[in-house]
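Please work through the following exercises with the sequence and the structure at hand. Each task is followed by a worked solution.

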Amino acid sequence: MNDVETGTTVNRRDFLKEITAATAVGAGAAIMPKPSQAAITGQKTQLGMLIDLRRCIGCHACSVSCKAEFDVPLGATRALVEYVEKGDYPNVTRNFLPRLCNQCSQPACVDVCPTGATWKRKEDGVVVVDPDICIGCKYCLHAWPYDARFINLETGAADKCDFCQHRVSKGLEPSCVNACIGGARIFGDLNDPTSEISKKIATNPVTVLRPEQGTGPNVYYIAADYSDEHTAEANGRYVRVDTHRRHQERG
Ligand code: SF4
Ligand code: SF4
Ligand code: SF4
């Protein structure tokens with residue numbers, strides 16, 4: 001789906017052209033997705049993920065495998081799958097929305113951390129947390145727009161998706177990608193034009209969640225238009241999200 005009217009979709013090939021145009025379209029620029037922003041951040045490698053909602057069957061294999069991989073305590077999650085209803089009767093649709101840390105190019109959570117416990121890695125653009133330095137102040141939980149950090153009650157430190165560094169460093173896929181039976185999750189280097197993820201982004205209309213926050217998210221979606229209630233409401237669209245997290249945890 002390519003919603004030209006609202007400008008919520010763009011392909012990677014046209015990114016530089018879009019950025020140039022954005023300065024001329026005023027408010028429209030605020031809702032444009034921002035691919036890896038390598039030229040802005042100077043990041044040679046930027047790992048990212050593309051989630052194709054046309055292939056997601058809502059099976060939760062990704063969130064379960066992630067919990068098992070990291071022994072995530074009960075009541076917390078690094079990866080979740082929400083249910084999104086949108087539209088007005090009779091034109092109503094329902095889709096699944098897998099979510100995780102967006103490993104942003106301009107991570108707000110890093111900016112607010114008083115101890116330097118969370119940072120963006122130069123080598124691959126992944127935002128990580130050192131639990132030995134983290135003091136559990138929760139500033140980062142409130143600063144970022146993607147609701148995907150939590151305080152791990154067993155360590156007392158902030159916790160979140162790290163794109164499965166321990167697996168990727170050994171040449172394996174992240175656990176959620178490996179477990180996805182729908183083949184909906186594609187992982188790789190956004191700054192390598194020959195990677196599968198770059199090719200998919202170049203040839204499909206994609207969106208990011210909450211582009212108006214300006215954090216440069218590096219998790220892309222196919223067919224997720226207006227799946228986030230904040231972006232939907234800002235554009236006058238109705239959307240209802242069911243989540244297995246407590247509703248008060250949503251930002
Ligand atoms: S909870 Fe930890 S990582 Fe988050 S801002 Fe505080 S010290 Fe930094
Ligand atoms: S990349 Fe790893 S840590 Fe991140 S959601 Fe997937 S399984 Fe969890
Ligand atoms: S494992 Fe794949 S198909 Fe299943 S819910 Fe997660 S993203 Fe969707």
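The model is predicted: local features require pLDDT of at least 70 and side-chain atom pairs count only at pLDDT 80 or more, while totals for chains, interfaces and linings use all residues. Residues are numbered from 1 along each chain as its sequence is written, and chains are lettered from A and ligands numbered from 1 in the order in which they are written.

**Exercise 1. Describe the overall make-up of the chain.**

Step 1. The secondary structure comprises nine helices and 10 strands; helices (H or I, at least four residues) and strands (E, at least two) are DSSP runs, numbered from the N terminus.

Step 2. Of the 251 residues in the chain, 40% are buried, a residue being buried if 20 or more other C-beta atoms, placed from the backbone, lie within 10 Å of its own.

Step 3. Among contacts with a separation of 6 or more, 60% link residues 24 or more positions apart; a contact requires C-beta atoms, placed from the backbone, within 7 Å.

**Exercise 2. Are the faces of β9 covered or uncovered?**

Step 1. In a regular strand, side chains alternate between the two faces of the sheet.

Step 2. In β9, Val 219 and Tyr 221 lie on one side and Tyr 220 and Ile 222 on the other; all are buried, and both faces are covered.

**Exercise 3. Describe the sheet that contains β2.**

Step 1. This open sheet of three strands has the order β3-β2-β10 and antiparallel pairing. The edge strands, β3 and β10 (239-242), each pair on one side only.

Step 2. Four bridges connect β2 (residues 80-88) with β10; Glu 85 has Arg 240 as its bridge partner there.

**Exercise 4. Identify the centre of contacts in the largest nonpolar core.**

Step 1. This core has 48 residues; a nonpolar core is a set of buried Ala, Val, Leu, Ile, Met, Phe, Trp, Tyr and Cys residues joined through C-beta atoms within 7 Å.

Step 2. Leu 50, Ile 51, Cys 62, Cys 176, Tyr 220 and Tyr 221 have the most contacts inside the core.

Step 3. Beyond its neighbours within four places in sequence, Cys 176 contacts Cys 62, Ser 65, Cys 66, Ala 79 and Arg 185.

**Exercise 5. Which residues come nearest to ligand 3, and which to ligand 1?**

Step 1. Around ligand 3 there are 16 residues, of which Cys 56, Cys 59, Cys 62, Cys 180 and Gly 182 come nearest; the shell takes residues whose C-beta atom, placed from the backbone, lies within 6 Å.

Step 2. Around ligand 1 there are 15 residues, with Cys 113, Cys 134, Cys 137, Tyr 139 and Cys 140 nearest.

How values were computed:
Buried ≥ 20, exposed ≤ 12 C-beta atoms within 10 Å, placed from the backbone. Pairing = 2+ DSSP bridges. Contact = placed C-beta atoms within 7 Å.
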